Amino acid sequence: MLKSIGFKKINIAIFLSGTGSNLKNLINHSLKKNSKFKITLVISNNPKAKGLNYTKEFKIKKKI
């Protein structure tokens, strides 16, 4: 019988075009031990979006 030792987090992408207030909340939740997801990519249609600053701070890949 296999023993369960945890779960694998789901990789997700976030779309943003502004300040990234929702992104910040999602990042904070994803860093919790019991979170079921990990943010691996942020996509924006606005290269000047302030929310892209979080990608630098938390080392998340971004696409514009």
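**Notes on the predicted model**

1. Let's start with serine 44. Setting aside neighbours within four places in sequence, serine 44 is in contact with Leu16, Ser17, Ala49, Leu52, Lys63 and Ile64. Keep in mind that this is a predicted model.

2. Where does serine 44 sit? Serine 44 is found in strand E2, which covers residues 37–44. Buried means under 20% relative accessible area, and serine 44 has a relative accessibility of 4%, so it counts as buried. Its side chain also reaches the backbone nitrogen of asparagine 46, at 3.0 Å.

3. Now for helix H1, residues 21–30. Which residues of H1 are buried? They are Leu23, Ile27 and Ser30. These three cover an arc of only 65° around the axis, and therefore they lie on the same side of H1. Turn to the other side of H1 and you find Asn22 and Asn25, both exposed.

4. What do the buried residues of H1 pack against? Their partners are strand E1 (10–16), E2 and H2.

5. On to the largest pocket, with a volume of about 160 Å³. Its lining is made up of Lys9, Ile27, Ser30, Leu31, Phe37, Lys38, Ile39, Thr40, Phe58, Lys59 and Ile60.

6. Which element gives the most to the lining of the largest pocket? That would be E2, with four residues. H1 and E2 each supply at least two residues of the lining. Sorted by class, the lining has six nonpolar, two polar and three charged residues.

7. Have a look at the backbone of lysine 59. Most residues other than glycine have a negative phi. Lysine 59, which is not a glycine, has a positive phi of about 55°. The residue lies in the loop between helix H2 (53–57) and strand E3 (61–63). Is lysine 59 buried or exposed? Its relative accessibility is 79%, and exposed means over 50%, so lysine 59 counts as exposed. Serine 44, by contrast, counts as buried at 4%.

Note on methods
Residues are numbered from 1 along each chain as its sequence is written. This is a predicted model: local features need pLDDT of at least 70, side-chain atom pairs count only at pLDDT 80 or more; totals for chains, interfaces and linings use all residues. Side-chain values use heavy atoms; hydrogens and water are left out. Buried means under 20% relative accessible area, exposed over 50%, partly exposed in between (1.4 Å probe, protein chains only). A polar contact is a pair of N or O atoms within 3.5 Å; within protein, one must be able to donate a hydrogen and the other to accept it, and residues adjacent in sequence count only if both atoms are side-chain atoms. Contact means heavy atoms within 4.5 Å. On a 1 Å grid over the protein atoms alone, a cavity is a set of points where a 1.4 Å probe fits but cannot get out, and a pocket is an open set with protein on both sides within 12 Å along at least five of seven lines; lining residues have an atom within 4 Å of a point. Grid points are joined across faces, edges and corners, and a volume is the space filled by probe spheres set on the points. Ala, Val, Leu, Ile, Met, Phe, Trp, Tyr, Cys and Pro count as nonpolar, Asp, Glu, Lys and Arg as charged, and the others, Gly among them, as polar. The arc is that of the directions from the helix axis to the C-beta atoms.
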